[in-house]
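This report describes selected features of a structure with two protein parts. Please look at the sequence and the model first, then read on.

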Amino acid sequence: MVIKLLVKEGSENATLTLQSSPSFVVISGSEELKSDIEFESKFAYDSVGHIMNLGSIFAQDLYIFMVDLYGKENVEILEGKEQIKDDDKELAILEKNGVT
Amino acid sequence: MALPDAIFRNAIDLNRYGNKVSTDVARRFVDICVRSVQELSVLDRKGLGDSYRAARLRSIVAQMEKSLGGWKKYANKHVIKELQGLAKVEAGFIEDQLQKVIPRGVRKNIQVNGVEISPKFAENIVSVDPTKIRSRAVGRQLAGFLGETSLSDAIGANMTLPNGNIVQDAFDKIADGSVQLFRNTVRDGLATGETTPQMTRRLLGNSKENDTANILQMSQKGGLLTSPPINQVRTLVRTSINQVANSAALTVYQANSDITKKYRYTATLDSRTTAVCGALDGRIFDYEKGPKPPQHFNCRSTVVPEIDYENLPFDPPPTARKRATADGQMSADTDYAKWLYMQPNKIQAQVLGGKFNKETNKFEGSFRYFQRLASRDDPRTALAKFVRADGSRVTLAQLKSRYGKPDNIPIVRIPVAEVAKVAPRKAPALTYAPTVQPKIAVSRGKDIAGGRLTKLDGYRKDYKKLLRQHTEVREELNGIHGKMNRTKDMAKWRALNETRDPLILRKNKLRADIDRIDKQGFQEMFELRKEAIAASSITRAEAREAIGKMKFVGFREGRERIREELEEFAVMFNGGGIVKNGRKIKGRPNKISTVRVANGRAHNANQGDGTSLIKVPNKSGGYFGEDDAKATLFHEAAHSLEGQSEKNVAMAVAFRNNRAKSLTPVSPKGLKGTISDGYYLREAVIRDSFISPYVGRPYRTTGRDISKLPKGVKVGEIYDEATEVISMGAEHFSNPENMFRLYQADPEHFFMILSLTRTTY
């Protein structure tokens with residue numbers, strides 16, 4: 001399932017696309033936002049403490065990452081709401097049965 | 001003696017040798033002058049007519065002229081003969097030094113090439129037309145050497161080296177000038193009624209025939225006729241010796257291009273060094289492409305070869321390199337600019353221009369510009385701005401016209417590490433047994449680092465501050481963007497848009513500063529990683545064998561990369577979790593037996609048989625190269641590293657618990673980590689300022705089902721199956737950049753993980 005997020009930053013917009021969850025992020029749109037996301041990912045971790053990897057990221061992690069960076073009101077889920085919820089469910093199960 | 005030391009020692013010997021040669025030349029000159037002046041006594045005889053006295057004086061002057069003509073020939077021949085001998089000795093000396101660089105074991109394979117010193121070597125060097133040789137750097141060429149786009153006042157390009165023509169010309173001029181001075185002084189003296197003893201005193205001072213004094217003493221004794229020529233002779237001889245010695249050395253270095261491909265220009269670190277030599281000091285050049293000493297008369301600079309260790313089959317000697325300065329020995333990487341920057345105002349004023357102002361009670365002058373420029377840029381760049389195109393020093397007036405007052409030069413603070421004083425560390429042991437005490441582990445880590453990271457400590461405050469400021473700017477921008485998204489008023493939208501530009505500039509500047517600090521730590525961390533791998537208690541073959549026995553399931557793509565990265569992890573952490581088996585404990589990760597390459601959350605799960613399964617992604621390529629998934633793999637493997645030794649788990653739990661004020665887990669959402677906040681987490685964590693709040697995540701079993709609890713743990717008792725302390729720490733050891741980030745954010749955590757690279761099982 002394709003996941004698409006829209007980030008709106010004043011005059012700058014960017015669309016982030018994942019072909020599935022997890023997969024690599026394709027960022028189109030503002031170069032400014034793209035450089036923001038790349039820089040910030042060096043200092044970010046995913047939901048289970050792994051250093052953020054834009055080459056293989058879960059929809060849920062990407063959404064949370066974007067919300068933290070730009071605020072909930074500036075991030076819109078264009079496609080893949082269900083997938084983000086599914087990721088959360090998978091994580092809940094895993095956290096009860098394994099060491100992440 | 002190390003190569004640079006031997007060359008510096010040789011330079012001192014050359015100075016002494018120069019004094020000896022110049023003493024020989026000067027002594028003959030003084031003897032002629034003394035004999036000529038003594039002849040004046042005949043003019044004092046009574047009853048001599050003026051015409052006879054005049055004729056007698058002409059005869060004395062003619063005799064002196066003839067004697068000095070002989071002296072000129074002697075001086076020229078003697079100096080060239082000495083220089084020719086010197087060239088041979090120097091070439092032999094440099095060959096010996098290069099030979100010593102090569103360890104005995106490989107001397108058969110690498111031979112030092114000697115050079116044939118032709119009979120005319122010295123003469124050729126000192127006799128070539130000065131306009132045809134340009135070893136002295138001037139104009140654009142000098143600007144290029146100093147990394148400046150231009151240098152002020154491109155004059156003096158015709159300044160030439162003291163070569164043979166000049167030496168010969170100089171000896172001619174000394175002789176001719178002395179005859180003229182002698183004639184004029186005597187004629188004036190006779191006209192004004194001066195007595196012969198008075199004239200003798202004025203002309204000769206205390207100089208005497210067959211004097212055994214050295215050149216300096218002779219110069220101090222001398223009068224009008226002898227003192228200036230003695231100093232000129234000394235300068236000419238010293239400079240020619242420097243020129244011949246450096247040319248001979250460079251000839252030998254170039255004949256050994258497999259040993260050395262570059263040379264380092266090396267000046268003397270004291271207050272008598274010129275601006276041009278000071279600015280060139282420490283710079284490295286290809287042979288035939290850089291400036292060579294002497295750059296001016298009385299130049300004491302020399303060249304030191306840069307041994308091409310990277311392409312030679314042996315390592316540099318382990319001894320720490322030092323260099324001599326006027327204040328004693330200093331680190332070899334101290335160049336003249338850095339040395340000068342460390343000097344008190346008095347010395348800086350002496351070198352760059354300035355004097356003490358009694359009214360303001362402080363030193364003032366050109367050197368203040370150097371201090372400001374060095375603060376803004378760096379000492380080397382600042383000193384280069386003090387050199388004009390002809391190699392001389394920039395004047396105060398020029399500095400004023402260029403920069404205004406010194407205080408006008410803004411000091412843009414760039415991160416400079418403040419080196420903290422640390423107690424010397426003891427040498428690390430080759431291996432350590434696991435410990436349950438984090439303090440001991442941290443101490444071991446510090447021993448392994450051996451004080452090498454101290455210089456990075458100064459960045460910590462700045463680093464955290466920059467990250468905090470970056471977050472603040474980003475949040476401020478988010479606020480503006482939110483308003484822009486909501487407004488329907490175009491004018492308001494435009495106004496908001498304008499307010500974001502300065503913030504974006506500031507954000508980019510902060511990022512550049514953060515990147516600059518990140519780069520500082522890379523080299524040290526790279527070395528630590530390399531050492532950890534080299535010092536492993538297991539071999540790569542053992543690691544490969546253990547990994548070969550693991551069961552790989554899931555995607556085939558990416559398996560090879562995962563094997564290689566697991567091997568690196570195993571070697572780095574002495575086989576923990578990969579090669580070594582730990583005690584079987586329910587629920588706890590242990591030696592990895594299965595690797596599932598699949599999408600989905602990476603994790604480490606105990607399989608029930610005392611071994612672990614790790615699930616890791618197959619994709620590695622992404623935005624930042626090949627290491628993207630490596631950190632994840634290191635993270636999961638580190639759970640096994642922790643779990644296979646009960647002491648490792650106990651140490652990790654103690655590390656986490658000792659730092660936390662409360663052991664009651666709290667929601668991570670609002671927690672701030674040193675690098676990353678807890679917004680993304682869902683499980684409760686034990687709160688403290690770890691690199692990320694996730695480090696505080698507990699894995700506790702308090703269940704009532706006794707079958708799920710390991711032996712010895714009672715129902716309701718808190719039992720830690722695992723932690724995220726070692727996994728979060730070890731994932732940063734997947735590459736040098738992340739290691740440096742952990743070191744900056746949480747040095748104790750870093751040192752504890754570093755200690756695990758020497759912990760054996």
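Helices (H or I, at least four residues) and strands (E, at least two) are DSSP runs, numbered from the N terminus. The model is predicted: local features need pLDDT of at least 70, side-chain atom pairs count only at pLDDT 80 or more, and totals for chains, interfaces and linings use all residues. Residues are numbered from 1 along each chain as its sequence is written, chains are lettered from A and ligands numbered from 1 in the order in which they are written, and side-chain values use heavy atoms, with hydrogens and water left out.

**Backbone geometry**

Most residues other than glycine have a negative phi, and most peptide bonds are trans. Pro22(A) lies in the loop between strand E2 (12-18) and strand E3 (26-29) of chain A. The bond that joins Ser21(A) to Pro22(A) is a cis peptide bond, with omega about 5°. In chain B, the peptide bond from Pro293(B) to Pro294(B) is cis, with omega near 0°. Pro294(B) is found in the loop between strand E2 (284-286) and strand E3 (302-307) of chain B.

Two asparagines have a positive phi. For Asn210(B), phi is near 50°, and the residue sits in the loop between helix H6 (196-204) and helix H7 (215-221) of chain B. For Asn574(B), phi is about 55°, and the loop in question runs between helix H20 (559-572) and strand E9 (592-597) of chain B. Is each of them buried or exposed? Buried means under 20% relative accessible area, exposed over 50%, and partly exposed in between (1.4 Å probe, protein chains only). Asn210(B) counts as exposed because its relative accessibility is 56%. Asn574(B) has 1% and therefore counts as buried.

**Aromatic rings**

Rings of Phe, Tyr and Trp (its six-membered ring) pair if their centres lie within 6.5 Å; planes under 30 degrees apart count as stacked, over 60 as edge-to-face and the rest as tilted. Over all chains, the structure holds 21 aromatic pairs. Two of them are set out here.

| Pair | Centre to centre | Angle between planes | Arrangement |
|---|---|---|---|
| Phe522(B) and Phe526(B) | 6.1 Å | 15° | stacked |
| Phe750(B) and Phe751(B) | 5.5 Å | 75° | edge-to-face |

Phe522(B) and Phe526(B) both belong to helix H18 (residues 490-534) of chain B, where they are four residues apart, about one turn of the helix. Phe522(B) is partly exposed because its relative accessibility is 30%; Phe526(B), at 36%, is also partly exposed. By contrast, Phe750(B) and Phe751(B) are both buried. Phe750(B) and Phe751(B) are part of a cluster linked by ring pairs, together with Phe569(B), Phe573(B), Phe634(B), Phe733(B) and Tyr743(B).

**Helix H24 of chain B**

Nine of the 10 residues of H24(B) are buried, so this helix is largely enclosed by the rest of the structure. Among the buried residues are Met739(B), Phe740(B), Leu742(B) and Tyr743(B). Contact means heavy atoms within 4.5 Å. The buried residues of H24(B) pack against helix H16 (454-457), H17, H18, H23 and helix H25 (747-756) of chain B. A polar contact is a pair of N or O atoms within 3.5 Å; within protein, one must be able to donate a hydrogen and the other to accept it, and residues adjacent in sequence count only if both atoms are side-chain atoms. At the start of H24(B), a side-chain oxygen of Asn735(B) comes to within 3.2 Å of the backbone nitrogen of Glu737(B).

**Where the chains meet**

The size of an interface is often given as the accessible area lost when the parts come together. Buried area is the accessible area (1.4 Å probe) that two parts lose on being put together, summed over both. Chain B and chain A bury about 4700 Å² between them, with 51% of it on carbon and sulfur atoms. Chain B gives 60 residues to the contact and chain A gives 50 residues.

A salt bridge is a side-chain nitrogen of Lys or Arg within 4 Å of a carboxyl oxygen of Asp or Glu. How many salt bridges are there between chain B and chain A? The count is nine. One salt bridge is formed by Asp68(A) and Arg474(B), whose closest N and O atoms are 3.9 Å apart.
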